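Q: Before we look at any feature, could you show me the sequence and the model side by side, and then take me through how each feature is read?

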Amino acid sequence: MPGGRPSLYDPAYCAAIVEHCKDGASITSFAAEIGVCRETITEWGGVHPEFSLAVKRAKSAAAAWYDKTARGIAGGANGNATLCIFGLKNFAPEDFRDVQETKHSGEVTVHKIERTFVGIIDTDG
């Protein structure tokens with residue numbers, strides 16, 4: 001018989017988390033809404049595959065809200081572009097991130113690295 005308290009997980013949270021995040025809300029704010037800590041959401045995702053999928057859908061829903069809002073701002077609507085940028089970078093990093101690539105072409109050949117000690121410095125006297 002497993003020890004500890006019973007889980008507070010409810011399968012209804014799968015739909016609830018997606019609904020909660022559709023207006024750009026975070027997974028953390030959903031955790032607060034249902035009275036658990038953010039780590040609990042992560043744990044539930046590891047134990048309940050359907051909840052893990054729901055969390056991914058919730059992140060997509062939040063990203064879609066930030067994307068739509070950002071496009072509105074770009075079109076002249078009022079809003080906070082910086083908030084949208086951070087939301088998109090965090091909820092949809094595959095699509096919105098700062099990328100810096102450094103590519104090396106050609107060859108680098110190291111023939112020999114040699115260390116030569118020229119002398120010893122006497123610091124005592």
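A: We begin with pLDDT, which is the predictor's confidence in each residue, from 0 to 100. In this predicted model, the chain averages a pLDDT of 90, and 97% of the residues score at least 70. Where pLDDT is low, the predicted coordinates should not be read in detail. Residues are numbered from 1 along each chain as its sequence is written, and side-chain values use heavy atoms, with hydrogens and water left out. Local features need pLDDT of at least 70, side-chain atom pairs count only at pLDDT 80 or more, and totals for chains, interfaces and linings use all residues.

Q: Which residues of the largest nonpolar core touch the most other members?

A: A nonpolar core is a set of buried (under 20% relative accessible area, 1.4 Å probe, protein chains only) Ala, Val, Leu, Ile, Met, Phe, Trp, Tyr and Cys residues joined through side-chain atoms within 4.5 Å. The largest one here has 23 residues, of which Ile17, Ile27, Ile41, Trp44 and Phe51 touch the most other members. Helices H1 (13-21), H2 (27-34), H3 (38-47), H4 (49-74) and H5 (81-91) each supply at least two residues of this core, and H4 gives the most, with eight.

Q: What is isoleucine 41 in contact with, leaving aside its neighbours within four places in sequence?

A: Taking contact as heavy atoms within 4.5 Å, isoleucine 41 meets residues including Ile17, Ile27, Phe30, Phe51 and Val55.

How values were computed
Buried means under 20% relative accessible area, exposed over 50%, partly exposed in between (1.4 Å probe, protein chains only). Helices (H or I, at least four residues) and strands (E, at least two) are DSSP runs, numbered from the N terminus.
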